Amino acid sequence: YGPFTGRLAHARAKIEVNDLEPLNAITDGLAATKIPALIQLGDDMTLKGGKRMSFTELGLTMDWKNIVLQAEYAQRRAQEPVYIPQTNSGYLMAGYRFGKVLPYYAHAYYKGAGTSVNVPTVPAGHPLAPTLAGISGLLVSPAQKSDLIGMRWDFAKSLALKVQIDHVKPTVKGGSLILPSGVPSYDKSVNVYAAGIDFVF
């Protein structure tokens with residue numbers, strides 16, 4: 001509508017992973033206890049056989065004269081109990097066009113929105129308390145915030161160069177950063193540098 005473009009998207013998928021060994025070791029161990037509540041916990045967590053999830057997104061873009069604004073909000077939700085955490089995410093971006101050059105700034109985030117898995121509770125000191133506490137910790141979603149600046153240069157017909165610097169601040173479980181094996185969390189900010197060429201053909 002004029003300089004505004006809105007969008008709404010919803011997708012559903014069945015996610016099936018039968019050979020995720022770390023998760024299978026946990027769920028197989030829970031099944032081996034023969035305790036109904038723990039067997040159910042393993043069934044809820046597993047990705048064997050497939051679990052249904054959904055993704056919903058709402059976005060708005062304004063491109064008016066030299067001003068470019070973008071915003072997006074998204075949710076990932078489980079349609080049945082599953083190990084994968086539920087999340088909320090979004091970003092706001094503002095830019096100003098100087099001829100064929102568009103510098104911009106954006107702030108983005110994602111965070112957990114709870115788990116679809118119900119972990120049984122036991123009294124403190126119960127032999128299963130450490131195991132269930134560990135499982136509850138596994139079900140917490142990573143989270144992070146990012147501030148970024150970038151520039152897009154439409155240097156030729158159907159070709160644009162884009163450079164960008166992201167300042168990523170992990171807040172839970174190291175965010176989406178790739179960590180060395182055995183590192184449970186990482187809470188230090190990281191700068192990410194990127195350059196690429198967008199093209200239309």
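Tutor: Let's start with Met53, which counts as buried at 5% relative accessibility (buried is under 20% relative accessible area, exposed is over 50%, and partly exposed lies in between, with a 1.4 Å probe and protein chains only). Before going on, a word on the ground rules: this is a predicted model, so local features need pLDDT of at least 70 and side-chain atom pairs count only at pLDDT 80 or more, while totals for chains, interfaces and linings use all residues. Residues are numbered from 1 along each chain as its sequence is written, and side-chain values use heavy atoms, with hydrogens and water left out.

Back to Met53, which sits in strand E2 (strands are DSSP runs of E with at least two residues, helices are runs of H or I with at least four, and both are numbered from the N terminus). Leaving aside residues up to four places away in sequence, Met53 touches a list of residues that includes Ala11, Ile15, Arg76, Val82 and Pro85 (a contact means heavy atoms within 4.5 Å). E2 covers 51–64 and E3 covers 67–78, and the loop between them holds Lys65. Lys65 isn't a glycine, yet has a positive phi of about 55 degrees. That's worth a second look because most residues other than glycine have a negative phi. Lys65 is exposed, at 65% relative accessible area.

Now hop over to another stretch of the chain: Gly150 is 97 residues along from Met53, and their C-alpha atoms are separated by 33 Å. Strand E6 (residues 143–156) pairs with E5 (residues 101–112) in the antiparallel sense over ten bridges (strands pair if DSSP finds at least two bridges between them). In that pairing, Tyr105 stands opposite Ile149. E6 also runs antiparallel to E7 (residues 159–172), with twelve bridges joining them, and there Arg152 faces Lys162.

Ser146 belongs to E6 and is buried at 7% relative accessibility. Again skipping residues up to four places away in sequence, Ser146 touches Ala106, His107, Ala108, His167 and Val168.

Finally, the turn: E6 and E7 make a hairpin with two residues between them. Ser158 is in that loop and, like Lys65, is a non-glycine with a positive phi, here about 65 degrees. Ser158 counts as partly exposed, at 37% relative accessibility.
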